[in-house]
Amino acid sequence: MEDILDVYQRPYDPLYPVVCMDESSKQLIGEVTPPIPAAPGHPVLQDDEYVRNGVAEIFLEVEPLAGMRNVKITERRTKVDWAQYVREMLDERYPDARKVILVMDNLNTHNISSFYEAFAPEDAFRLAQRLEIHYTPKHGSWLNVAEIELSVLKRQCLPERIPDIELMRQMVHTWNTDRNSRQTTVDWQFKAEDARVKLKRLYPKL
């Protein structure tokens, strides 16, 4: 935990940006009966019956101190999908960074070995050399700024039924563009000193 809190105290450095990443999913749901539009006195009325159209996967990264986000909607979230997303991050969004300081949870796909399943060894090694990975502890996903950002995305952009992945991509792209245009930064205030007081029960008793 203190490792993550220490990372969040680093000053902004475009050559060593701190980037948080997380994943989630959204069930795609179609309507059997068209909803009744909202009118004075009642909200939108939806039939309880619906059609399951599969699941869309959400990859999200956020750079807290720069106020920049990137969201990608995919059909799967395998090791190869994760590796491709991270390569896009490094080569397209942070091409000039010497190292990206990456904060994420310890999911089995979130591993350097995923690069070697997706790319040639030379490219996999190149990508690995440009990452400094910090994993959030077990039951400590609240330390990941990207998880907080995902909850904002779902609340603001994805609260309703969405029938297909292309519509979801359009909606998320619009949200992402607007959010970045505002450059909403994250001012993380919780420090290691606070953890030692407020979360004293989690520390070993010597």
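Arg 179 is part of helix α6, which spans residues 165-182; helices (H or I, at least four residues) and strands (E, at least two) are DSSP runs, numbered from the N terminus. The model is predicted, so local features need pLDDT of at least 70 and side-chain atom pairs count only at pLDDT 80 or more, while totals for chains, interfaces and linings use all residues. Residues are numbered from 1 along each chain as its sequence is written, and side-chain values use heavy atoms, with hydrogens and water left out.

With a relative accessibility of 13%, Arg 179 counts as buried; buried means under 20% relative accessible area, exposed over 50%, and partly exposed in between (1.4 Å probe, protein chains only). Apart from neighbours within four places in sequence, Arg 179 is in contact with Arg 69, Glu 149, Val 152, Gln 156 and Thr 184, where contact means heavy atoms within 4.5 Å.

## Salt bridges

Two of the residues in contact with Arg 179, Glu 149 and Arg 69, form a salt bridge with closest N and O atoms 2.4 Å apart. A salt bridge is a side-chain nitrogen of Lys or Arg within 4 Å of a carboxyl oxygen of Asp or Glu. Because Glu 149 lies in helix α5 and Arg 69 in strand β3, this pair ties together parts that are 80 residues apart in sequence. Glu 149 is buried at 3% relative accessibility, and Arg 69 is buried at 5%.

Across the whole structure, 17 salt bridges are found. One of them joins Glu 57 and Arg 77, whose closest N and O atoms are 3.3 Å apart. Glu 57 belongs to strand β2 and Arg 77 to the loop between β3 and α2 (79-93), 20 residues apart. Glu 57 counts as buried at 11% relative accessibility, whereas Arg 77 is partly exposed at 35%.

Asp 91 and Arg 126 also form a salt bridge, with closest N and O atoms 3.0 Å apart. This pair links helix α2, which holds Asp 91, to helix α4 (residues 121-129), which holds Arg 126. Both residues belong to a network of salt bridges that links Arg 87, Asp 91, Asp 123, Arg 126 and Arg 130.

## Nonpolar cores

A nonpolar core is a set of buried Ala, Val, Leu, Ile, Met, Phe, Trp, Tyr and Cys residues joined through side-chain atoms within 4.5 Å. The largest has 32 residues, of which Tyr 8, Leu 153 and Met 168 touch the most other members. At least two residues each come from α1 (2-8), β1 (18-31), β2 (50-63), β3 (68-74), β4 (100-104), α5 (145-156) and α6. The largest share, five residues, is supplied by α5. A second, separate core of 20 residues includes Phe 59, Tyr 94, Ala 124 and Leu 127.

## Aromatic residues

The structure holds four aromatic pairs. Rings of Phe, Tyr and Trp (its six-membered ring) pair if their centres lie within 6.5 Å; planes under 30 degrees apart count as stacked, over 60 as edge-to-face and the rest as tilted. The rings of Tyr 8 and Trp 188 are tilted, with centres 4.9 Å apart and planes at 55°. Tyr 8 lies in helix α1 and Trp 188 in the loop between α6 and α7 (192-198), so the pair ties together parts that are 180 residues apart in sequence. Tyr 8 is buried at 11% relative accessible area, and Trp 188 is buried at 17%.

Trp 142 and Phe 190 form an edge-to-face pair, with ring centres 5.9 Å apart and planes at 70°.
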